[in-house]
Amino acid sequence: LEKQGHKVITAENGIAALECLKTFTPEIIFLDLIMPKINGEKLCRIIRSKPEFENVFIVILSGIAIEENLDFIGLGADACIAKGPMNKMAKLILDVLDQFDKGARGKQQDTILGLEGLYSREVTQELLSYQKHSEVILHNLDEGIIELTEDKKIVFANPAAISFTGIPEEKLLASNFIELFNDDHGKRIHKLLTNLDDSPDIIPENQPVAINEKQASLTFLPVRTKTHKLIIVIIKNVDEKKRLVAQLTQARKMEAIGNLAGGIAHEFNNALIGVSGNIELLKMELSENSEIDEYINAMLTSVHRMAQLTKQLLAYARGGKYHSEIISMSDFLENSLPLIIHKINPSIRVETDCPSDIFNVEADETQMQMVLSAVMNNSAEAIEGRGRIRVIIRNRVVDEKFAKTRPGLYPGNYACLIIEDDGKGMDELTSKQVFEPFFTTHFQGRGLGLAAAYGIVKNHRGWISIESKLGEGSVVSIYLPKAET
């Protein structure tokens, strides 16, 4: 290259290359794929993400180009040359320079140059296989993994770490790890890294640091090679763990309340049978006494009201009997909504988004009407004056990762019923209590509607949740498993 009159600047790794590019804008960049401290693929993407290097001609010189079907254009490169005999490579490099002189930028061929006469190497294939195996593991971990150089530069971040920091990979790589934190936490981590020897160190969960407004515990694992030292940082989301523990505690609490409610309901129901039976006998004995008959009818009315309350308690406790059949959720909503909407304040607009290709479910239509009515009435009561309720139904495929963060929901196919409102919303504490029997934000004596809805949905092997913020309305999501056909 220098014999051809070109000025050449070299960098021994990805970090050094980025440092060089801070003060030098080349016309052509030659880079390898296998490099320490940020590999060639990521370096290529970082360079292409910077507007000042938009027109730079990038050429990949790779010894592994023959081992795998390399999409170098997808990486942002203009040409790719397979490493081989020097005289052959020199000619190909000069040919590529000639392409550049002729304005070939953006008109490149997707053919890797120099493959003729080269053969795949088994050892390289094994190393690439091992690398891909490791990448699959790292990319699917829930914990964030970051790799640092000794001077605290980030040279690797897995998807969990990128998501946790909220910074795109192109900007995160080569940045200073300390800059992810505010001053106090940054000083604390700087001190820890400065004093870190060859032994691991941690920032525990009970003394977390904040990254991107999230609480995290950090584990630092030093790795020393013959030439340099690296530090692996494992990031654990403390907020997420606390949320999962709180959800599990809430699920167990609801289970305990359900067992208690079921026991009370059964005993109460047995007592009511005796009361109502004796009242009926009394009515028969005193049928000619109209004055007493008036009092008897009042007692029967109260008994019937208490019997209805018992049914709701049993529904909450998931012990009630129900008649299930395979139903279309789209047809269910079409038939049920008119019965519910006419009871809602006319100043509240009810919108629907109910496509016809929704999974069928196995359910008791009458009990599901009770659920829909309870949720929509709760939404209507949360709206003061004019407002809107949206009823949406969608097919959902729940994977293990999604189910893992939602106790009681399991992987599979579901019909998901969503009821949104723009009412006054609830704070976090209220949101956690709305499915408990007799909890209410209104006057005393209400609150079994959503509790019964919770029990009915659970009894249908489903899952129900509510998300709400004060002043921003609420969203209730009901997942019912797809019917087996």
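Color the chain by pLDDT and select helix 5, residues 122–139. This is a predicted model, and confidence in the protein chain is lowest in helix 5, at a mean of 61. Now select strand 14, residues 412–421. Confidence is highest there, at 95.

Zoom out to the whole protein chain. The average pLDDT is 81. A score of at least 70 is reached by 82% of the residues.

Next, select residues 443–447. Here pLDDT stays under 50. For this stretch the model has nine contacts beyond four places in sequence.

Move to helix 4, residues 86–101, and pick out Leu92 within it. Is Leu92 buried or exposed? Leu92 has a relative accessible area of 16%, under the 20% cut-off, so Leu92 is buried. Show its neighbors, leaving out residues up to four places away in sequence: Leu92 touches Ile81, Leu113 and Gly114. Take Leu113 from that set. Leu92 and Leu113 lie 21 residues apart in sequence, yet their C-alpha atoms are 7.3 Å apart in space.

Last stop: select helix 11, residues 329–341, together with helix 12, residues 365–382. Their axes are 10 Å apart and the packing angle is about 50°. That angle falls between 35 and 65 degrees, so the two helices are oblique to each other. The crossing of helix 11 past helix 12 is right-handed.

Show side chains where they meet. On the helix 11 side, look for Phe332, Leu333, Asn335, Ser336, Leu337, Leu339, Ile340 and Ile341. Facing them in helix 12 are Glu365, Met368, Gln369, Leu372, Ser373 and Met376. Color this contact by class: nine residues are nonpolar, four polar and one charged.

Notes:
Residues are numbered from 1 along each chain as its sequence is written. This is a predicted model: local features need pLDDT of at least 70, side-chain atom pairs count only at pLDDT 80 or more; totals for chains, interfaces and linings use all residues. Side-chain values use heavy atoms; hydrogens and water are left out. Axes are lines fitted to C-alpha atoms, for helices over the stretch in contact, and angles run from 0 to 180 degrees between N-to-C directions. Helices (H or I, at least four residues) and strands (E, at least two) are DSSP runs, numbered from the N terminus. Angles under 35 degrees count as roughly parallel, over 145 as roughly antiparallel, 65 to 115 as roughly perpendicular and the rest as oblique. A crossing is left-handed if the near helix is turned anticlockwise from the far one by less than a right angle, and right-handed if clockwise. Contact means heavy atoms within 4.5 Å. Ala, Val, Leu, Ile, Met, Phe, Trp, Tyr, Cys and Pro count as nonpolar, Asp, Glu, Lys and Arg as charged, and the others, Gly among them, as polar. pLDDT is the predictor's confidence in each residue, from 0 to 100. Buried means under 20% relative accessible area, exposed over 50%, partly exposed in between (1.4 Å probe, protein chains only).
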